[in-house]
Amino acid sequence: MRHYYTAEAIRAAEAPLLAALPDGVLMRRAAHGLATAIARELRMRTGAVSGRSVSAVVGSGDNGGDALWAATLLRRRGVAAEAVLLNPDRAHAAGLRAFRAAGGRVVESISPATDLVIDGVVGISGSGPLRDHAAAVFAATDAPVVAVDIPSGIDVHTGATPGSHVHAALTVTFGGLKPVHALADCGRVELVDIGLDLPETDLYGFDAPDVRERWPIPGRDDDKYTQGVTGILAGSATYPGAAILCTGAAVAATAGMVRYAGTAAAEVVSHWPEVIATTDLASAGRVQAWVAGPGLGTDEAGARALMFALDTDLPVIADADALTILSAHPELVAGRTAPTVLTPHAGEYRRLAGRAPGDDRVGAARRLAEQLGVTVLLKGNVTVIAEPAGRVFLNPAGQSWAATAGSGDLLSGVIGPLLAAGLAPGEAAAAAAFVHARAAGLAAADPGPAPAPTSASGILAHLRRSIASL
């Protein structure tokens, strides 16, 4: 599992090491890891390390010192190294002396022959966009960039880019991952262990082993009922496709049973004959969790179906039209003790919360989760899942193939069976987001090596493969 730490937590963990170690040791430890990563990147891109060239763009903070020390170590491996000092009078003194002693050259701009640029401008304590001088230095080169800790100009906590910022091919960070590494485009991210003793965090990210560990797999004594029965309240005469997609995702995500109740019963069964379907809520049958909202409509019938689910003591995931209804009637979930998951995109969030999520999507998801006492899955290229108790899960998709009509219906359909199987709501939403994003990537890669446009139907067709790949 990935853990993300605030800049304050990293600084606090560094303090005892800085006090205990001789001056400069911790920086040189970080620089050694940085230089090793840069050497790997040079070899990958050019086939060699010795004889290649790097240019370090150096700010006045510790990141500038890291960049200078790393360039110094690379010089000792036969790499030609230059440094652009943005604030010459405030450059890290010991790092600059070592750099010059190793044969490094201080220059005014990045050489056109540079194989790789090191971004040592601003670290985790910085804020705001790149200043004009720094922006101009980076704009004048098309060489790949390795960022030190974070790409300069990107907010470490929110991933926001208020203006000019560095576009990194690789980011090398120290001690622990920061929120920016999930929330923003940092290229590939490598973590260097510098010996920090970090506290518990409430900001997580699932990797494949975490999802595999939690995904419900039938035991030898399980039957279709004990694995969790998922109920679907979705679709309408206007949007029968939402019912088909949502129900199909639930079928793909569970080996147990799926029940459907709604006006699209005939269409659902024609696509998924294993589903037990009815048009009558009263005869829906016993389930362990409800999925409510995709294509449901916001009329009286839609509201009645949503209230039917929320009036139970079962887990409920509310999406799409259910969120529109809840934005007008938040009292329907307030005080609900059973697990409840809301899955808004930015526009639905605005209706629910009364304001847009803004740049701080983690803070926005947390506020709404606490306000309503529910788990909030805020959709986006990076999915943010906030539990009312404070835990947050980040799921970077790494691509935007899931941004297609009907894709959210699939996500809801995957979350439902995980809730029915007994997973905690935050973990169910995080695991579902992981396999959903992976299925979208698989759909885009099929049938050939060149990415192809995706559709919700295409993603649905790859859900089983995404789960099986775990």
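Predicted model: local features only at pLDDT ≥ 70, side-chain atom pairs only at ≥ 80, totals over all residues.
Residues are numbered from 1 along each chain as its sequence is written. Local features need pLDDT of at least 70, side-chain atom pairs count only at pLDDT 80 or more, and totals for chains, interfaces and linings use all residues, while side-chain values use heavy atoms, without hydrogens and water.

Helix 5 spans residues 132-139. Helices are DSSP runs of H or I with at least four residues, strands are runs of E with at least two, and both are numbered from the N terminus. Ala 134, Ala 135, Val 137 and Phe 138 of helix 5 are buried. Buried means under 20% relative accessible area, exposed over 50%, and partly exposed in between (1.4 Å probe, protein chains only). Strand 2 (53-58), strand 3 (80-85), strand 5 (116-120) and strand 6 (145-148) are among the elements that cover these buried residues. The face turned away from the buried side carries exposed Asp 132 and Ala 139.

Thr 454 lies in the loop between helix 15 (425-445) and helix 16 (456-461). Thr 454 counts as buried because its relative accessibility is 16%. Leaving aside neighbours within four places in sequence, Thr 454 is in contact (heavy atoms within 4.5 Å) with Trp 401, Thr 404, Ala 440, Ala 443 and Ala 444.
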